[in-house]
Every structure is written in structure tokens, then in C-alpha cells.
Amino acid sequence: MSDLKVAVIGVGHLGKEHARIYAELPGVSLVGVVDIQPQQAEKIAQRYHTRYFSNYKEVIDQVEAVSIAVPTKSHYAIAKEFLQNGIHVMIEKPMTGTVQEAKDLIAMSKTKGVVLQAGYIERFNPAIDAIKKLAINPRFIECHRLSPFTFRSADIGVVLDLMIHDIDIILHVTGSKIKKFDAVGVNVISDKEDIANVRIQFQNGCVANVTASRVSITSMRKMRLFSEDSYISIDYQKRDALIYKKSSKLTLKALNFSEMDVSTIADLKSYVFGDLLKVEHIKMDDCEPLKKELSSFVDCVVGRKEPVVSGEEGLKAIEVANDIVCEIEKNLKLIHNAKSREDKL
């Protein structure tokens, strides 16, 4: 079987890593990289011994699959052309800027019988795999995704830029529809929300509190999940995760605190975090999440399989994210109008 012919459209901060990984993957031929900045395209092409182009249309007849890592506003137009030509597409998050654009791309991929994968890298985190395998039913989820302002992705706000990662994971692990939500946001540097918080209530009773900021001094990417019998703490940056699972001994009836003599327990800490709470460290393998993501994409293309994060799942995250943005914009407008009325008094 011949190598899968792949190109990367957009080789900036993230796209250049796509090019690096494709150049390393067995069974893949990186036939070219594309960027509207010729010098950047040439530099990356030379680094990975391939050709460079300044217009994505030049590679349409040369590839079988592409990664699209350009600004969100260009996702739809570029992906549309490749899908219409029967080329498999992997699009970095968010898949598109609007719900209708996402629906159009999904329809095209179905018509042409090609793979459309949305780029949500956290899905390939071992901790997320562990949560799904354990069939944990979360009752409360708390997420913090904070970073300094990078001046990338300035065409979208922090909800579509950062928070959408957590939205996708939360939808994935809850498996429930949203009942209602409340959202607030603030513009600090850009003309779109740079800080946002949303509290989501699901139909199954789970509640999620999600905070995202791209104007923080330090970076943070953490998630905590609470269920009736377990607590999970994930630190994406440190690649560390812990699961605390309650044992059958941890009940008021079994413990009978009024009659317990803690002085008889030689090591109280070991008793609590050994007998009462079982602590499991989730092993984070050394495999790079982006490499796992692109390897999965290639495997789906070659094997004609459904991707881990399909276009439909990418659409769900966009629908929720856009609803949150609309709520934030509505609240900001109310605040602005109230301030204007105060200034006139």
C-alpha cells in the first residue's frame, strides 16, 4: 500500500507541529505545506524536506488528506474546497465559526464519503480515556483554562479559542443535553470576550462551572470531576491525574464516628487515603497528544473509520459555544446600556 499523501494548510504556531508529526509518521507522505506567508512556508518545508505553496488550491490535486490550521474565519472556505474534491479533512478547533458552516461541512463529508475530524486534542489525553472506561457519572465539574494573551486567534473570543476544549470534554463525559446555563464575559484587550465564565446545568442533574481567560499572568489547564463515589483531578499541563474512589467502608453507618477511637489507628492518613479512599494515579504515557490525534486521523482515513471526534461532535461544541457567546454579548450590552443611562443622569 502506498503512503497517504498529506498536506498542512497553515504552518504557524500549531500547523508547523502538524507538519513535523506527519513527516515522522510511518505510512504518510508530507507532500507539501501551505501558508500565505511564503517565508514561513519555505522555512517549514525545508525543515521537513517537502515542497511549499502560498495558495492551498495548488495542492488540491496532489493530496488525499489535509490538516487545516489557519485562523477560524478561513476554516469553512478552505475545508469546503477539499471536501468537495473528495479529500479527507482534519480541522483544528473550532471546526468553523458558525453552526451553519459546520452543518454544511458535515453534509459535504457525508456526500463525498470522506473523513471530517475536528481537532480537540484533550480527547487524546489518557485521563479522559480513563474517565470514560470507568463509566463515572459526574455530578459536578469544574474547569479552569487560563493563559497569557498570545495575539493568536484574535478573530475569535476566548470561548471559541480556549473554553471550547472543556465544552467538548464536558459534553463527552456527561452524555447529557443542556437544560440551562448562565454566562458572563469581559473584553479586556480585544474586541471580543477575553475572560468568560459559564455555569451549565444538564438534564441529568450534573452541573459544570467553566472559566476561561486569555489575559492571565500564568497558564493553567485543570479539570475536577465529582461523583457520588469518586473525585478526579486532572492537570493537563503537568500531565498528571488522580482518581480518588470511595470504598464501601466510607459511610456514616460503617464508620460510626461517635464510637470511633482514632488513637487506635496508628497512621490516620494511611487509613483515610488507603482504607477509606482508594487513590489511583492515572499514568500519562510519553506519547504526544497531538501525535496520537493525527495518528488517529490517518488510521481513520486509511481504514475508512469514524473519527474519535467526528464533525457531528465538533458541531455540538460549536452550538454550545455560540450560545454562550450570544449570552455574554447580551449581558455586555445590558451593562453598556445601563452605564450610558447613568452617564446621562
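**Sheets, strands and a buried helix in a predicted model**

In this predicted model, six strands form an open sheet with parallel pairing, in the order β3-β2-β1-β4-β5-β6.

Q: Which strands stand at the edges of this sheet, each with a single partner strand?
A: The order of the open sheet runs β3-β2-β1-β4-β5-β6. A strand at the edge has a single partner strand, so one side of it is left without a neighbour in the sheet. The strands that stand there are β3 (52-53) and β6 (116-119).

Q: Which residue of β3 does V34 stand opposite?
A: Strand β2 (residues 28-34) pairs with β3 in the parallel sense, over two bridges. In β3, the residue that stands opposite V34 is F53.

Q: What angle does the direction of helix α3 make with that of β5?
A: Helix α3 (residues 75-84) packs on the sheet, where it touches β1 (4-9), β4 (65-68), β5 (88-92) and β6. Taken against the direction of β5, the direction of α3 makes an angle of about 165 degrees.

Q: Why is strand β10 (residues 207-213) described as largely enclosed by the rest of the structure?
A: Both faces of β10 are covered, with V207, N209, T211 and S213 buried on one side and A208, V210 and A212 buried on the other. In a regular strand, side chains alternate between the two faces of the sheet. The strand is called largely enclosed because the number of its residues that are buried is seven of the seven.

Q: Which residue of β10 stands opposite V198?
A: Strand β7 (residues 140-146) runs parallel to β10 and is joined to it by seven bridges, with H144 opposite T211. Strand β9 is also joined to β10 by seven bridges, but these two strands run antiparallel, and four residues lie between them in their hairpin, where G205 takes a positive phi near 100 degrees. In β10, the residue opposite V198 is V210.

Q: What is the relative accessible area of I195?
A: I195 is found in strand β9 (residues 195-202), and together with F151, V186, V188 and I189 it makes a nonpolar surface patch of about 470 Å². I195 is partly exposed, and its relative accessible area is 32%.

Q: Which residue with a positive phi follows helix α5?
A: Helix α5 (residues 126-133) has P126, A127, I128, A130 and I131 buried, and what covers these buried residues includes α6 (158-174), β11 (220-226) and α9 (289-303). The residue that follows α5, with a positive phi near 55 degrees, is A135.

Conventions. Residues are numbered from 1 along each chain as its sequence is written. This is a predicted model: local features need pLDDT of at least 70, side-chain atom pairs count only at pLDDT 80 or more; totals for chains, interfaces and linings use all residues. Side-chain values use heavy atoms; hydrogens and water are left out. Buried means under 20% relative accessible area, exposed over 50%, partly exposed in between (1.4 Å probe, protein chains only). Contact means heavy atoms within 4.5 Å. Patches are made of residues with over 30% relative accessible area and no salt bridge: like charges are joined within 9 Å, nonpolar side chains (Val, Leu, Ile, Met, Phe, Trp, Tyr) within 5 Å. Accessible areas come from the Shrake-Rupley method with a 1.4 Å probe; for residues, only the protein chains shown count as cover. A salt bridge is a side-chain nitrogen of Lys or Arg within 4 Å of a carboxyl oxygen of Asp or Glu. Two strands pair if DSSP finds at least two bridges between them. Axes are lines fitted to C-alpha atoms, for helices over the stretch in contact, and angles run from 0 to 180 degrees between N-to-C directions.
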